Amino acid sequence: MAAVKNLNPKAEIARAGQALAVNTTAARGLQEVMKSNLGPKGTMKMLVSGAGDIKITKDGNVLLHEMQIQHPTASLIARVATAQDDITGDGTTSNVLLIGELLKQADAYVSEGMHPRLVTQGFDLAKVKALEVLNEVKISREMDRETLINVAHSSLCTKLHGRLAKHMSEIVVDSLLAIKRDDKHLDLFMVEIMEMKHKTDTDTALVRGLVMDHGARHPNMPKQLKNTHILTCNVSLEYEKTEVNSGMFYKTAEERDRLVKAERQFVDNRVQKIIDLKKKMCDGNDSTFLLVNQKGIDPVSLDMLAKEGIMALRRAKRRNMERLTLASGGTAMNSVDELSPELLGWAGSVYEHVLGEEKFTFVEDVKDPESVTILIKGPNKHTIVQIKDAIHDGLRAVKNAIEDKCVVPGAGAYEIAAHAKITDFMRTVKGRQRLGVQAFADALLIIPKVLAQNSGFDQQESMVKLQEEYQDAGRPVGLDITTGEALFPEDVGIFDNFRVKKQLLHSCTTIASNLLLVDEIVRAGMASLKQGPQLGQ
């Protein structure tokens, strides 16, 4: 009897073989759930919430975040896989598949009496070799637009249908190339994502500027501007009560009127300074003026601005204010006392788009934008959410490729090459650790196997074809998911991220090794004193 039983008679314990069985069953169970999602031909999962809301997705990260996983080991694997997505932006499904397969391959040897420590030592040796192979097969090249589009398409086609994935790949790449600066870190937050429930998914577009989800607040203000000077400010342009509690005494009604006029004049003077700047910039030419204010503008001030042909937006969101100066230039002002032409931004076109009861303001044709907007359009909320999730992955994939300055052949090519090289390496390993190396090599094949299965081809036949082709060609070969034959990913532009594969090898080996070395699972917390599911169930 375990010593913990003396301390807590109601503790639940799974020991040695049973503990390994609990972990392996959990990993393989999660693997079975996720494997049908892998690759462009993967199927969808429908998630139904407690409130009855439906979400249809094949994105592994979304699935693991949304699913309620109660098994402790499965929950641990899910957290590792979602951490992979947080760090590199992709590889969630591959992570779950590889951990499950490593445990499955190891279980075959452990069940025959081999100590788990020897298997994990073999895993570590194989991981080092796998990383060497990764450096050998990586393709270092100039990250031009065509290469980046191929990288984005390889990521997006696993989450969206083919025609939309191709369209979105160009948008994602162009958005990052627009904000890329050689001397600055590439900041994905400078790509604003705006949604419009409007038209179809292929009408999604890149706006080289900014789209704000509010419009002008006066009916007489212009709805379309050309050659526009933009003033961004955070100044109150509305009548306000004094912040200090004070009493006013006056003898006559005229004195009271004078007091009211003086208070109003305080706000009018601010508005007049903006109008004076507009006249200075726009009189005698065809330019126009846009005012974007983070604070309020009262009706009287709006009327004054409308009479001068100024388009004014009030209570703009802070994120829009920050991006507006990056997109159009200029400086955000907290006072109207020192307004000058150098503080203004510029845009070639500003117009308002009304969609139902919602208003959108487009700021386009800016000179050198440091912030751009991807405008997602779709007929319903489901389509928009699906595109939004995919765009996040696509942006990360392109950013990774730019920073890595290299890519890895996709379509399962790396796994086929690594399997062959690690199998050769196994012959140089002495002792029983070589079985752990063999288990690692066989586990890597789960990726091309599942790609073949999800595309409707026989797993074993596809593996034999790919391995034979690799031996003959001597360069990485992947699976053509339309014909089931071998192809050269580099020639057709199927690329994976280098850092995603690298992170995958590190995290999967570490977690699988840790789970293999667990020889006792104890549930002895206070919660276990209540009736709950038993270990191993």
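In which strand is T232 found? T232 belongs to strand β8, residues 224-233; strands (E, at least two residues) and helices (H or I, at least four) are DSSP runs numbered from the N terminus. The model is predicted, so local features need pLDDT of at least 70 and side-chain atom pairs count only at pLDDT 80 or more, while totals for chains, interfaces and linings use all residues. Residues are numbered from 1 along each chain as its sequence is written, and side-chain values use heavy atoms, with hydrogens and water left out.

View 1. Apart from neighbours within four places in sequence, T232 is in contact with V292, M321, L324, T325, T331, A332 and M333 (contact means heavy atoms within 4.5 Å).

**View 2. An open sheet of six strands.** The order is β7-β12-β11-β8-β9-β10, with mixed pairing (two strands pair if DSSP finds at least two bridges between them). At the edges, β7 (210-212) and β10 (311-313) each have a single partner strand, so one side of each lacks a neighbour in the sheet. From one strand to the next, the twist averages 35 degrees (axes are lines fitted to C-alpha atoms, for helices over the stretch in contact, and angles run from 0 to 180 degrees between N-to-C directions). Strands β8 and β11 run antiparallel and are joined by six bridges. K226 has S349 of β11 as its bridge partner.

**View 3. The aromatic pair F123 and F440.** The ring centres are 6.0 Å apart and the planes stand at 65 degrees, so this pair is edge-to-face (rings of Phe, Tyr and Trp, the last by its six-membered ring, pair if their centres lie within 6.5 Å; planes under 30 degrees apart are stacked, over 60 edge-to-face, the rest tilted). F123 is in helix α6 (residues 116-137) and F440 in helix α14 (residues 433-444), 317 residues apart. F123 is buried at 0% relative accessibility, and F440 is buried at 2%.

**View 4. The aromatic pair Y351 and F362.** With centres 4.9 Å apart and planes at 5 degrees, the rings are stacked. Y351 lies in strand β11 (residues 345-355) and F362 in strand β12 (residues 358-364), so the pair ties together parts 11 residues apart in sequence. Y351 is partly exposed at 22% relative accessibility, whereas F362 is buried at 6%.

Key: Buried < 20%, exposed > 50% of the residue type's maximum accessible area, 1.4 Å probe, protein only.
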